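The entries follow the order in which I looked things up.

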Amino acid sequence: MKNTPVDYLKTKEVIASYGLADFGKATIREVVAISNQLEQLTQTEFIHMEMGVPGLKPSQVGVDAEIEALKTGLLLFIRI
């Protein structure tokens with residue numbers, strides 16, 4: 001069993017229920033739906049960063065906030 005902030009088995013089950021061949025190729029809508037379902041099941045609030053505009057430079061305040069969240073342990077990335 002992997003040590004993850006959100007229950008690994010529940011996460012695998014939710015992703016599997018969407019019938020995705022490769023989660024890395026999921027659409028933004030699928031990622032949002034999966035994360036919303038996991039938030040409800042695990043009572044864990046997620047920071048949603050799925051949306052973006054390709055080619056549009058991110059706001060510096062957002063970049064700085066993400067760096068600070070990573071440094072302080074508030075933001076975790078989970079690779080499944």
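Entry, end of α3. I looked at the residue just after α3 and found G73 with a positive phi of about 85°. Helix α3 itself runs over residues 60-72, which is 13 residues. I checked its reach from first C-alpha to last and got 18 Å, close to the 18 Å expected at 1.5 Å a residue.

Entry, confidence. I am working on a predicted model. I noted a mean pLDDT of 83 for the protein, with 85% of its residues at 70 or more.

Entry, α1 and α2. How do the axes of α1 and α2 cross? I took α1 as residues 8-17 and α2 as residues 28-42, and their axes come within 10 Å and cross at roughly 140°. I recorded the crossing of α1 and α2 as right-handed.

Entry, contact residues. On the α1 side I listed K10, T11, V14 and I15. On the α2 side I listed I34, Q37, L38, L41 and T42. I sorted the residues of this contact by type and got five nonpolar, three polar and one charged.

Definitions and conventions: Residues are numbered from 1 along each chain as its sequence is written. This is a predicted model: local features need pLDDT of at least 70, side-chain atom pairs count only at pLDDT 80 or more; totals for chains, interfaces and linings use all residues. Side-chain values use heavy atoms; hydrogens and water are left out. Helices (H or I, at least four residues) and strands (E, at least two) are DSSP runs, numbered from the N terminus. The expected span of a helix is 1.5 Å times one less than its number of residues. Axes are lines fitted to C-alpha atoms, for helices over the stretch in contact, and angles run from 0 to 180 degrees between N-to-C directions. A crossing is left-handed if the near helix is turned anticlockwise from the far one by less than a right angle, and right-handed if clockwise. Contact means heavy atoms within 4.5 Å. Ala, Val, Leu, Ile, Met, Phe, Trp, Tyr, Cys and Pro count as nonpolar, Asp, Glu, Lys and Arg as charged, and the others, Gly among them, as polar. pLDDT is the predictor's confidence in each residue, from 0 to 100.
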